[in-house]
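Please keep the model open in your viewer and follow the selections in the order given here. Each stop names what to select and then describes what is found there.

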Amino acid sequence: MSTIAERRQNFHELHSKTCFAIPNPWDIGSARYLQHLGFKALATTSAGFAFSRGLADGAVGRDMMLAHIREMVETVDIPVNADFENGYAHDPDELDENVRLCVKTGVAGLSVEDNSGGKDRPLYDVDLAVERVKAAREAIGDSGVMLTGRTECFLVGLNDIHEVIRRLTAYANAGADCLYAPGIREPADISAVVAAVAPKPVNLLIGGAIGLTMADAATLGVRRVSVGGALARAAWGGFIPAAKELAEQGTFDGFAQASPHSELQEFFRKDSEPTSK
């Protein structure tokens, strides 16, 4: 097994090379399988994990999320980036404490977003958001953990690329190592964000069939591509129709695309053997 320090160093190095995919598992099994496929790093998904616990996205508490993040770090031998939502705190001092706890899980990176969760003002004012990034940077210290500054503009209906760039530029100046604005999808917007925060890397979310490929993302200057809760939703997309068919029609055709038991059994049997690491 690689050390935590080695994973953190490897994670930084990944961002200095070509564009890479960082898929988002939601439990131990999905994490182990993604590692098996050869991905170089993984990221947690707040939505995917919440659904697996019977909760809505955003309803998982800090301690439950920290336990999940630690579990994900301990189950794979590659860097893990934590979707740490808004840091489970509004106040920068409280955020500082929570980020320190997240660093102790062994993550190679973590993201802090500017979504306040409020209905009237869903985003923190820029000045407060910047102070929060600075607090996260201070909490990370010299641990080697990579900090991603994330703005939720497009996810809360503020579809203004100029505001996205204003915020991400401020977060970059405040100490964020990587910048992320989930919801942007137009090539011109993506290129504008990449140019605005260069030479710092940009994370792009591709959570559906939006007409972009990994090659397209690389051409636009993106350094990493995450998928958020898309893989978890893809799993639910197989489960729900099959379950509905059984409940409503009493038939089993929905199982036709299910992965064979023997294939999963063989993978997890071999994966759990010490010599397979």
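Begin with Asp27, which caps the N-terminal end of helix α2, a side-chain oxygen lying 3.4 Å from the backbone nitrogen of Gly29. This is a predicted model, in which local features need pLDDT of at least 70 and side-chain atom pairs count only at pLDDT 80 or more, while totals for chains, interfaces and linings use all residues. Residues are numbered from 1 along each chain as its sequence is written, and side-chain values use heavy atoms, with hydrogens and water left out. Helices (H or I, at least four residues) and strands (E, at least two) are DSSP runs, numbered from the N terminus.

Now select α2 itself, residues 28-36, whose buried residues are Ser30, Ala31, Arg32, Leu34 and Gln35; buried means under 20% relative accessible area, exposed over 50%, and partly exposed in between (1.4 Å probe, protein chains only). These buried residues pack against β2 (42-43), α4 (62-75), α10 (230-249) and α11 (261-271), where contact means heavy atoms within 4.5 Å. After α2 comes Gly38, with a positive phi near 100°.

Next, display the strands. They include an open sheet of eight strands in the order β1-β8-β7-β6-β5-β4-β3-β2, with parallel pairing, two strands being paired if DSSP finds at least two bridges between them. Because β1 (20-22) and β2 stand at the edges with a single partner strand each, one side of each is left without a neighbour in the sheet.

Move to Ser226 in strand β8 (residues 224-226), which counts as buried at 5% relative accessibility. Its side chain is joined to that of Asn203 by a polar contact of 3.0 Å, a polar contact being a pair of N or O atoms within 3.5 Å; within protein, one must be able to donate a hydrogen and the other to accept it, and residues adjacent in sequence count only if both atoms are side-chain atoms. The C-alpha atoms of Ser226 and Ile206 are 6.3 Å apart, although the two residues are 20 residues apart along the chain.

Then select Arg167, in helix α7 (residues 161-173). Is Arg167 buried or exposed? Arg167 is buried, with a relative accessible area of 5%, and a polar contact of 3.3 Å joins its side chain to that of Asp114.

Finish with helix α5 (residues 92-103) and helix α6 (residues 126-140), whose axes come within 8 Å and cross at roughly 35°. The residues in this contact include Leu95 and Val99 of α5, together with Ala135 and Ala139 of α6.

How values were computed. Axes are lines fitted to C-alpha atoms, for helices over the stretch in contact, and angles run from 0 to 180 degrees between N-to-C directions.
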